[in-house]
Amino acid sequence: MIGNILTGLVVLIHCYIVYLEMVLWDTPRGHKAFNLKPDFASASKLLAANQGLYNGFLAAGLIWGLYLGAGEFQIKIFFLLCVAIAGLNGAATVGHKILFVQTVPAVLAIAAVWLGW
C-alpha cells in the first residue's frame with residue numbers, strides 16, 4: 001500500500017516534469033523551474049521536449065507496474081531504479097536539487113515496494 005502510494009507520487013512528479021519540459025520550458029514558469037535564461041530556453045526547446053518524452057516513458061512504466069498490482073513488483077522496481085539513476089546523473093551533471101526532487105522519492109518508493117509495504 002505505502003509502496004504504491006510512493007510510486008504514485010513518483011508518477012505525479014514525473015508527469016509534472018513532462019509538462020514542464022514539453023509545454024512550459026520556454027515560459028516564465030519553465031525558466032524559473034529550471035533556472036533558464038529566455039534565449040537558452042528558446043534555443044533548447046526541442047531538446048527539452050525530447051527529454052520530457054523520456055520522463056513520460058518512466059511515468060508510463062510506473063503506471064504499468066501499478067496497474068499490474070503487487071505480483072509484478074519487478075516492473076515497479078525496474079522503473080523506480082531507472083528514475084533513481086537518472087536523478088543521480090541529473091544531480092551530478094545539472095544540479096543537486098534533482099537529487100531531492102527525483103532520486104529521494106524514487107529510493108523511498110523502492111524501499112517500500114521491496115519491503116512489501
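Helices here are DSSP runs of H or I with at least four residues, numbered from the N terminus. With that in hand, welcome to a quick tour of this predicted model. Just after helix 4, Gly69 takes a positive phi of about 90°.

**Helix 4 and what covers it**

- Helix 4 runs over residues 45-68, which gives it 24 residues.
- From the first C-alpha to the last, helix 4 reaches 35 Å, close to the 34 Å expected at 1.5 Å a residue.
- The buried residues of helix 4 are Ala48, Gly52, Asn55, Leu58, Ala59, Gly61, Leu62 and Gly65.
- A handy reminder when reading such a list: an α-helix has 3.6 residues a turn, so residues three or four places apart point the same way.
- The cover over the buried residues of helix 4 includes helix 1 (2-22) and helix 5 (73-93).

**Helix 1 against helix 4**

- The axes of helix 1 and helix 4 lie 8 Å apart, and the two helices pack at an angle of about 160°.
- Angles over 145 degrees count as roughly antiparallel, so helix 1 is roughly antiparallel to helix 4.
- Helix 1 passes helix 4 in a left-handed crossing.
- On the helix 1 side, the contact is made by Asn4, Thr7, Gly8, Val10, Val11, His14, Cys15, Ile17, Val18, Glu21 and Met22.
- On the helix 4 side, the residues in this contact include Ala48, Gly52, Asn55, Leu58, Ala59 and Leu62, and these are among the buried residues of helix 4.

- Helix 5 has 21 residues, which should span 30 Å at 1.5 Å a residue; its end C-alpha atoms are 30 Å apart, which agrees.
- Buried in helix 5 are Ile75, Lys76, Ile77, Phe79, Leu80, Val83, Ala84, Gly87, Gly90 and Ala91.
- Helix 1, helix 4 and helix 6 (97-114) are what the buried residues of helix 5 pack against.
- Helix 1 and helix 5 have axes that come within 12 Å and cross at roughly 45°, which makes helix 1 oblique to helix 5.
- The crossing of helix 1 and helix 5 is left-handed.
- Where they meet, helix 1 brings Asn4, Thr7, Val10 and His14, while helix 5 brings Lys76, Leu80 and Val83.
- Asn4, Thr7, Val10 and His14 of helix 1 also take part in the contact with helix 4.

**Aromatic pairs**

- The structure holds three aromatic pairs, and two of them are worth a look here.
- The ring centres of Trp25 and Phe34 are 4.9 Å apart with planes at 40°, so this pair is tilted.
- Trp25 counts as buried at 8% relative accessibility, whereas Phe34 is partly exposed with a relative accessible area of 28%.
- Phe78 and Phe79 have ring centres 5.0 Å apart and planes at 85°, so their pair is edge-to-face.
- Phe78 is partly exposed, with a relative accessible area of 46%, while Phe79 counts as buried at 17% relative accessibility.

- Ile2 sits in helix 1 and counts as partly exposed at 45% relative accessibility.
- Although Ile2 and Ala111 are 109 residues apart in sequence, their C-alpha atoms are 10.0 Å apart in space.
- Setting aside neighbours within four places in sequence, Ile2 is in contact with Ala112 and Trp117.

How values were computed
Residues are numbered from 1 along each chain as its sequence is written. This is a predicted model: local features need pLDDT of at least 70, side-chain atom pairs count only at pLDDT 80 or more; totals for chains, interfaces and linings use all residues. Side-chain values use heavy atoms; hydrogens and water are left out. Rings of Phe, Tyr and Trp (its six-membered ring) pair if their centres lie within 6.5 Å; planes under 30 degrees apart count as stacked, over 60 as edge-to-face and the rest as tilted. Buried means under 20% relative accessible area, exposed over 50%, partly exposed in between (1.4 Å probe, protein chains only). The expected span of a helix is 1.5 Å times one less than its number of residues. Contact means heavy atoms within 4.5 Å. Axes are lines fitted to C-alpha atoms, for helices over the stretch in contact, and angles run from 0 to 180 degrees between N-to-C directions. Angles under 35 degrees count as roughly parallel, over 145 as roughly antiparallel, 65 to 115 as roughly perpendicular and the rest as oblique. A crossing is left-handed if the near helix is turned anticlockwise from the far one by less than a right angle, and right-handed if clockwise.
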